[in-house]
Amino acid sequence: MRSLDEFATAKLAELERANLRRRLVDTTRLDGIWAQRDGRRLLSFSCNDYLNLSQHPAIKAAAIEALQRYGIGSGASRLVTGNHPLFAELEARLARLKQTEAACVFGSGYLANMGIIPALIGAGDLVLMDELAHACLWAGARLSRATVMPFRHCELAHVQALLDQHRSSHGHALIATDGVFSMDGDLAPISGLAALAERFDAWLMTDDAHGIGVVGDGRGSAFIGGARADVPLQMGTLSKAIGAYGGYLCASASVIALIHNRARSFVYSTGLPPAIVAAAIAALDLIAADPAYAALPLAKARSFTRLTGLPEAESPIVPLIIGDAEAALQASHLLEAEGFLVIAIRPPTVPAGTARLRFAFTAQHPDDEIERLAAIVRDRVLTIRPQAQSEGQSEARAAPARGRRG
Ligand SMILES: Cc1ncc(COP(=O)(O)O)c(C=O)c1O
């Protein structure tokens, strides 16, 4: 065997032994909530299509029309082939929604974070990052060559201590966090972070991949509680509640102009297909027209946490921390046997010892199915390890720096 294959085989065996090997499983999404797997129809709680917009007839029609008029691919970077007018339309809507001067759309949320942070921050600068921030924020920060320091999950006092100690010895400083945490469903203390950013002349960046469309009247995590928190860099993705694909940054006009010049994942990557851009425009119009619909996923998540006795949901994402990876897989199989698709999330996506079930609630999940799911979770999953939730959460909070996803 060639050494390359030997290397891959040995690594896979290691993952298998730790119950951490992942496999692609053929699954067809039938509509916004149902999926077909191994010949069975399952109700999926493992999809971030929170508003089920990926299947909305008006959005599909917008995409089909754009595809027929403009074709499939966009051909080159927007700076090279020319900027399709649909991009300006989408960016104007995003900026309006987020109340910023301008916006820039990227090929994906991951690409956005890989481009934004190194465009703004470099060697000699400081990045403070919530320890549970998403992998692509970590990836962008590392690429920047700045000094990157994790702060304890949502702990303002730790952010302040790090700024007290390190701010003056660095050039620029960036504070970066998920707005809604992707695997925990909790919210960043955004107004507290904004106050610290102001005091220490740091720039606050939120990754609101799981906030847009579902919290803050659909505007995202900077808008919870009514007023807009001072977040000069609001990043997010069009691939979850918006139901389409692509990433974005909403910021001032000067920052966006700099991003057009300096963000390598923007400059050197092909623009999104026009049909996807048209779909995202249609989705944002629907969200703006119906804020009550945007409130449904959180309401459904809260009904589930009430029925199971889990801590009240803060977003459509509800974690049930099991701890051990194998036990989390077993819990997932138990729910699958009952007709529910709830994938076990294991390290390195979450810190070691905090494998979990992650439930993602969407606007169209039927209430009676949520009740049935809650009864099974209460009677047959929570009873396996009655202390698991509180143990797991404290482990997650105490997870060593970059124990997660980095
Ligand atoms: C918090 C967060 N940021 C960024 C991303 C990446 O976005 P995309 O899927 O558009 O690349 C994701 C998920 O995929 C996410 O959960």
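Reply: Happy to! The ligand is surrounded by 13 residues, and the closest are G109, D207, H210, T237 and K240; a residue counts as near if one of its heavy atoms lies within 4 Å of the molecule. Keep in mind that this is a predicted model, where local features need pLDDT of at least 70, side-chain atom pairs count only at pLDDT 80 or more, and totals for chains, interfaces and linings use all residues. Residues are numbered from 1 along each chain as its sequence is written, and side-chain values use heavy atoms, with hydrogens and water left out.

Me: Which classes of residue make up the shell around the ligand?

Reply: The shell has three nonpolar, seven polar and three charged residues. Here Ala, Val, Leu, Ile, Met, Phe, Trp, Tyr, Cys and Pro count as nonpolar, Asp, Glu, Lys and Arg as charged, and the others, Gly among them, as polar.

Me: What lies 2.7 Å from an oxygen atom of the ligand?

Reply: That is a polar side-chain atom of T237. The backbone takes part in the picture too: a polar backbone atom of G109 is 2.8 Å from a ligand oxygen, and one of Y110 is 2.9 Å from a ligand oxygen. The ligand alone exposes 380 Å², of which the protein buries 86% (accessible areas from the Shrake-Rupley method with a 1.4 Å probe).

Me: How much space lies in the largest pocket, and what lines it?

Reply: The largest pocket holds about 1400 Å³, where a volume is the space filled by probe spheres set on grid points joined across faces, edges and corners. Its lining has 49 residues, and R22, S46, I343, A344 and I345 are the closest to its centre. Helix α14 gives the largest share, four residues (helices are DSSP runs of H or I, at least four residues, and strands of E, at least two, numbered from the N terminus).

Me: How many cavities are there of 30 Å³ or more?

Reply: There are two. The largest has a volume of about 70 Å³, and its lining includes R78, F87 and F106. Strand β4 (102–106) and helix α10 (264–267) each give two or more residues to that lining.

Me: What should I know about backbone angles?

Reply: Most residues other than glycine have a negative phi, and most peptide bonds are trans. Q99 is not a glycine, yet has a positive phi of about 55 degrees; Q99 is in the loop between α4 (85–98) and β4. The peptide bond from P347 to P348 is cis, with omega near 10 degrees.

Conventions: On a 1 Å grid over the protein atoms alone, a cavity is a set of points where a 1.4 Å probe fits but cannot get out, and a pocket is an open set with protein on both sides within 12 Å along at least five of seven lines; lining residues have an atom within 4 Å of a point. A polar contact is a pair of N or O atoms within 3.5 Å; within protein, one must be able to donate a hydrogen and the other to accept it, and residues adjacent in sequence count only if both atoms are side-chain atoms.
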